[in-house]
Amino acid sequence: MAVNLVNVENVSKVYGTRALLDGVSLGVSEGDRIGVVGRNGDGKTTLIRMLAKAEEADTGRVTHSGGLRLGVLTQHDSLDSEATVRHEVIRDMADHEWAGNAKIRDVLTGLFGGLDLPGFPQGLDTVIGPLSGGERRRIALAKLLIEEQDLIVLDEPTNHLDVEGIAWLAQHLRERRSALVCVTHDRWFLDQVCTRMWDVQRGAVHEYEGGYSDYVFARAERERIAATEEVKRQNLVRKELAWLRRGAPARTSKPRFRVEAANELIADVPPPRDTSELMKFASSRLGKTVFDLEDVTVQAGPKVLLKHVTWQLGPGDRIGLVGVNGAGKTSLLRAMAQAARTEGEAQPAGGRIAVGKTVKLAYLSQEVAELNPALRVLEAVSQVRERVDLGKGREMTAGQLCETFGFSKEKQWTPVGDLSGGERRRLQLLRLLMDEPNVLFLDEPTNDLDIETLTQLEDLLDGWPGSMIVISHDRFFVERTTDRVFALLGDATLRMLPRGIDEYLERRHRMEAQVAAAASTPAAEKAVPERSAADLRAAKKELQKIERQLDKISDRETKLHAQIAEHATDFAKVAELDAELRDLAGQRDELELHWLELAEDA
């Protein structure tokens, strides 16, 4: 029988006149992996702070088992700004001692990309003070994971981690023996790690068995049985449930309860998006040309991020863009946005970006735009437009769209200066959509948004007719809102990934394995005999031949993408074109491997 680690008995907590938690009783046992969800401001962080005894309850009590080893990651770290990374993370262990510890090596490699902490100016000896909030957070997480605990409590652990870092953390937590309580808005992460869910709502905590997908099924069933009057919320749950059921089987763990009733809820729910209808509408709004990139080179200062990229964003395309930090995702969007703002006059370092004449771009950057803090929420939205056309005869007023984005009628009269970071992010998104753009660039749109707001945004984007590029580390959001995934792998190229983010992670894993293998090969083995001038010339000629073949493959892929968009309603034709795309991807992988081998010889 599992040992009980923490007991929460009849706990209540009131802030001002609002009861965040009201008579809550819960328990955490050995082996539990609990995900905590709920709207921002409903008490998730308060609950786990009381669980960790970092905050006192107004009534009730929290008890820990004797000798409990507890590790807590809060949203604000307690690192010593004058200390080095080495001192905070591995203390005073000698190099040979920590480098010989497999667990420490795994944590440093998983969170920082290598034992020497690439990206930090002095590696492990970097002083913490000048580092960014994201870098400090990774250091705090590494410090926690290197220790042994009975229970780990994590508040938004995936913030500031890229797709690879999140995948590594999920794997690491699954393999640990520690019990886990985790607050996060990352739904893919919840599905991968958690076996129970706590849903914090209106002062109560509802418990569910299973990961996030199981929780959605169970919540839909609970709301059906309760015959809830919140029709809008139930419709969103049904739509997300339909999406989850149509996804890959691996997305969900085996439910531990009957889901027949939940399945009945979605029997008549259509696919999230009518792709062909949206494509037609987008074409009528945008014409044939949206963005055409020809032989484009993108730089950030002296650093070349992308070289000789030829690519097309067509009408109705919904693209997810993933890649390693610093590979050029944001720089690519900025170059395209700059060309749109100047009607094609401002161009990148090399090549040309052609912009369609009817393009009306809205660009959500990672920085939250500053607004007059004295403005009310509704005034800030109405400033842009009083009503918005959502297509297919759908229209919303500024107030209705505010409610869709979680701003109740009372909240709409809150001054902008009093909003939280997540609420400002929602307002920024709302103002962008009110301007009726036909092209959206969303750079990390999920930052600071809770799960309910994310599902509402996804629902809104389902019927939005236009072209869209999404950069996000939230894997669930990318898969939910986009149709194709492109990747920047750090080698100055842009590649389409037919199998999406799974394929991206596989490619990155192979690249890292090749680098590790090369680094571990003794110098004597690396030494090669002197090559004759004729051999070198032949190798260089072969390299040029491969490069020409790769260019032809890239051109053919661009044409195939255009043909897929053109024949979007002809499923047999799309399947045929997609098969050719996959074949080309295999050819390109072989050619690139051969090119690497020749380049090493030459």
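## Basis

The model is predicted: local features need pLDDT of at least 70, side-chain atom pairs count only at pLDDT 80 or more, and totals for chains, interfaces and linings use all residues. Residues are numbered from 1 along each chain as its sequence is written, and side-chain values use heavy atoms, without hydrogens or water.

## The sheet

An open sheet is built from 6 strands, with mixed pairing, in the order 14-17-18-12-19-20. Strands are DSSP runs of E, at least two residues, numbered from the N terminus. Two strands pair if DSSP finds at least two bridges between them. Strand 14 (361-364) and strand 20 (495-497) are the edges, each pairing on one side only.

Strand 12 (residues 318-323) runs parallel to strand 19 (residues 484-488), with 5 bridges. Here Ile 319 stands opposite Arg 484.

## The cores

A nonpolar core is a set of buried Ala, Val, Leu, Ile, Met, Phe, Trp, Tyr and Cys residues joined through side-chain atoms within 4.5 Å. Buried means under 20% relative accessible area (1.4 Å probe, protein chains only).

The largest core has 130 residues. Leu 145, Phe 291 and Phe 441 have the most contacts inside it. Another core, of 25 residues, lies apart from it and includes Val 6 and Leu 51.

## Helix and sheet

Helix 15 (residues 421-434) lies across strand 14 and strand 17 (439-443). Helices are DSSP runs of H or I, at least four residues.

How values were computed. Contact means heavy atoms within 4.5 Å. Axes are lines fitted to C-alpha atoms, for helices over the stretch in contact, and angles run from 0 to 180 degrees between N-to-C directions. Buried means under 20% relative accessible area, exposed over 50%, partly exposed in between (1.4 Å probe, protein chains only).
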